[in-house]
Amino acid sequence: MLASAGLLTIGLVAGGYLLGDGLLRAREADRSVTVRGLAERDVTADLATWTIAYSSKSANLAEAQAEIDRDTDAIRGFFTELGFKADALQPTGANVSQYSNYGKTTYTIRQRLSLRTTDIEKAQAAVARQFDLIKRGVVLEDGSGMSYTFTKLNDIKPEMVAEATRDARESAQQFAEDSGTDVGSIKSATQGYFSVQSRDGDGGGYGVSDTPYKKVRVVTTVNFYLE
C-alpha cells in the first residue's frame, strides 16, 4: 500500500513537472513580436499616355465639323513633326451636342485623341511644346494631360518584398536586444499593397504635369518568434 502511494506521489510529481515544463514551453512558443518593414524604390515610367481633348462651336454643324477637322490635322501634324508614327495617335471619343437660345441653335463637337508611347523622352519633349498646339489654334479642354505609368511592377515585387522583410527583421532584432531575447523564425506575415506615386510629389491632373519619375513603396507586417 505504501509502495503504491509512493509510486502515485512520484507520478504526480513527474506529471506536474512535465505539465509545468509543457506550459513553460508553450508560453515561450507564444512569445513573439510584430513589426513592419518598408521597402522603397525609385523607378522611371515606361509608358506615356497623353489624352488630348478639344472642341468647336458654331451655329452651323458643317462649320463646327470643319473646325474640328482642322484641329485634328494640326494635332497630327504636331506629333508627326516630333517624330511620332501615325498609329501612335488614336481617336478615343467624339460627341455632338446642341442647345437653343431664343431660337438660335449652337452645335458643339467634342473630340479626343490619345497618344500612347514607350518613348518617355519623346513624350516629355511633346509636353514641353504643348503650347505650340495653342499657337496653331487648338484649344485644349479640361481632361487633356499626360500620364506616365510604370508597367514592370511584377519584375521588382519579389526583391522588394524580401527587402521589406529584412527591414522588419532588423526592427525585430533591435526589440529583441532591448528585451534580452533573440529573433527566431517568422510566425506570420502580411504583405501590404504596392503603391506607385510621383517621386517628387506632383500627382498630375488638369493644369499639373505628371512626371515619369516614380517611387514604388510597400510595407509588410511580420510577426517573429522570440527565443
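The protein chain has 5 helices and 8 strands, where helices (H or I, at least four residues) and strands (E, at least two) are DSSP runs numbered from the N terminus. In order from the N terminus, the elements run α-β-β-α-β-β-α-α-β-α-β-β-β. This is a predicted model, in which local features need pLDDT of at least 70, side-chain atom pairs count only at pLDDT 80 or more, and totals for chains, interfaces and linings use all residues. Residues are numbered from 1 along each chain as its sequence is written, and side-chain values use heavy atoms, with hydrogens and water left out.

Of the 227 residues in the protein chain, 32% count as buried; buried means under 20% relative accessible area, exposed over 50%, and partly exposed in between (1.4 Å probe, protein chains only). Among contacts with a separation of 6 or more, 78% are between residues 24 or more positions apart, a contact being heavy atoms within 4.5 Å.

Two residues can be set side by side.

Glycine 137 lies 7.2 Å from aspartate 71, C-alpha to C-alpha, although the two are 66 residues apart in sequence.
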